[in-house]
Amino acid sequence: MDETKPSKSARKREYAALQKLGEELITLQERDLESLGLDEDLLEAVLEAKRLTKRGALRRQKQYIGKLMGRVDPEPIRAALARLQRK
């Protein structure tokens, strides 16, 4: 087995953490979201999730946000969220 490749469990944990971070973005106000300098696709997905009311649709949108979070560096987003929470 290739030791450099993370285990399936590790990948699932990382994906769940990214999805949770994305869900935190959904709770922010729109002006705060725009100040984070998010990727355009990610920002659009988060804004769309804020508009959704049906549980199934929101769940799928959260999964999509988690997928998009995998394409960006989450550390600047975590740091920006920490700054916003200290306000």
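Trainee: Is R51 buried or exposed, and why?

Mentor: In this predicted model, R51 counts as exposed because its relative accessibility is 55%, and the cut-off for exposed is over 50%.

Trainee: Which residue does the side chain of R51 meet in a salt bridge?

Mentor: The general idea comes before the case. Side chains of opposite charge can pair when their charged atoms come close. Here the partner of R51 is E48, with 3.0 Å from N to O. Both residues belong to helix α3, which covers residues 40-51, and they sit three residues apart, about one turn of the helix. E48 has 30% relative accessibility, so E48 counts as partly exposed.

Trainee: How many salt bridges does a search of the whole structure find?

Mentor: Two. Besides the R51 and E48 pair, the side chains of E75 and R78 meet at 2.7 Å, N to O. E75 and R78 are three residues apart in helix α5 (residues 74-86), so about one helical turn separates them. Both count as partly exposed: E75 at 46% relative accessibility, and R78 at 31%.

Trainee: Let's turn to the nonpolar side chains. Which residues touch the most other members of the largest nonpolar core?

Mentor: Again, the general idea first. In soluble globular proteins, nonpolar side chains tend to be buried together. In this structure the largest nonpolar core has 21 residues, and L25, L33 and L42 touch the most other members. Helices α1 (8-26), α3, α4 (55-69) and α5 each supply at least two of its residues, with α3 giving the most, six.

Trainee: What is L33 in contact with, leaving aside its neighbours within four places in sequence?

Mentor: L33 is then in contact with L25, L28, L38, L43, V46, L47 and K50.

Technical notes:
Residues numbered from 1 in each chain as written. Predicted model: local features only at pLDDT ≥ 70, side-chain atom pairs only at ≥ 80, totals over all residues. Heavy atoms only, no water. Salt bridge = Lys/Arg side-chain N within 4 Å of Asp/Glu carboxyl O. Helix = DSSP H or I, 4+ residues; strand = E, 2+ residues; numbered from the N terminus. Buried < 20%, exposed > 50% of the residue type's maximum accessible area, 1.4 Å probe, protein only. Core = buried A, V, L, I, M, F, W, Y, C linked by side-chain atoms within 4.5 Å. Contact = heavy atoms within 4.5 Å.
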